Amino acid sequence: MTQTFTRAFAIRSTAILASLFLLASCGGGGGGGGGGGVSLTLSGSAQKGPYLAGATVTAWQLNASTGARTTTSVVSTTDANGNFNVAAIPWTGLTEINVSGGYFDEVANGNSAGSVGLSALVDLQANSTVRVNLYTHLLAARVRALMAAGNSHAVARAQALAELAARFDLELIGGVGPESLNLTDGAGTHRQDNANLLLFSARSEEHTSELQSHSFI
């Protein structure tokens, strides 16, 4: 099974940078989203390898029409395993979770020398947990680009998810998105997609500068 994953990943390894350029186009905009005196908690984890303790986790309220950040945010941090809880979120609806900090580099078998920022987009009306990873990062950028071009979030996410799945041979069983994947889980329902995520995360160590130099956020 590992050989199958490795071969499938190797076929696409030369397209990694092309994928970053294709999926990373972002849009602009402003404005507000839903609110109304609510207080929500969003929990999850951040994986590049696992983020280290103290990485900054920021929940941004997004414009429901354009996907652009508003000026409203809530900040938290990760624990030693990259887990987080963002409490007292005073809005519902479309939200960006951005995690920035150091992580365990599984290629070098040690902590990263620098930091990296990754994002995921979630609808707080339907999600209370989220995993942030490279696939969610690419998906978020593509969704925001499509929304900036005039598509609704539902239409933009459906198109971006189909593109991501096709490009990286993802099964996404049960209609889940990449925010449900876990690169440490090699036995569960999503083990093939998790393995591909792990390989992609390891391979992308060579291209960290490209990840950082693009306006994903």
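Predicted model: local features only at pLDDT ≥ 70, side-chain atom pairs only at ≥ 80, totals over all residues.
Visitor: What percentage of the residues is buried?
Guide: Buried means under 20% relative accessible area, exposed over 50%, and partly exposed in between (1.4 Å probe, protein chains only). Of the 217 residues in the protein chain, 47% are buried. Val 132 has 1% relative accessibility and therefore counts as buried.

Visitor: Where does Val 132 lie, and which residues does Val 132 touch?
Guide: Val 132 lies in strand E9, residues 129-132. Strands (E, at least two residues) and helices (H or I, at least four) are DSSP runs numbered from the N terminus; the protein chain has nine strands and six helices. Contact means heavy atoms within 4.5 Å. Leaving aside residues up to four places away in sequence, Val 132 touches Ser 45, Ala 46, Gln 47, Phe 84, Ile 97, Val 99, Leu 118, Ser 119 and Ala 120. For the protein chain, 68% of contacts between residues at least 6 apart in sequence join residues at least 24 apart.

Visitor: At what angle do helices H3 and H5 pack?
Guide: Axes are lines fitted to C-alpha atoms, for helices over the stretch in contact, and angles run from 0 to 180 degrees between N-to-C directions. H3 (residues 134-148) and H5 (residues 191-203) pack at about 85 degrees, with axes 9 Å apart. H3 is therefore roughly perpendicular to H5 (65 to 115 degrees; under 35 is roughly parallel, over 145 roughly antiparallel, the rest oblique). From H3, Leu 134, Tyr 135 and Leu 138 make the contact; from H5, Asp 193, Asn 196, Leu 197, Phe 200 and Ser 201 do.

Visitor: How close do the axes of H3 and H4 come, and at what angle do they cross?
Guide: The axes of H3 and H4 (residues 153-168) come within 8 Å and cross at roughly 135 degrees, which means that H3 is oblique to H4. Among the residues in this contact are Tyr 135, Leu 138 and Arg 142 of H3 and His 153, Ala 156 and Phe 168 of H4.

Key: Residues numbered from 1 in each chain as written. Heavy atoms only, no water.
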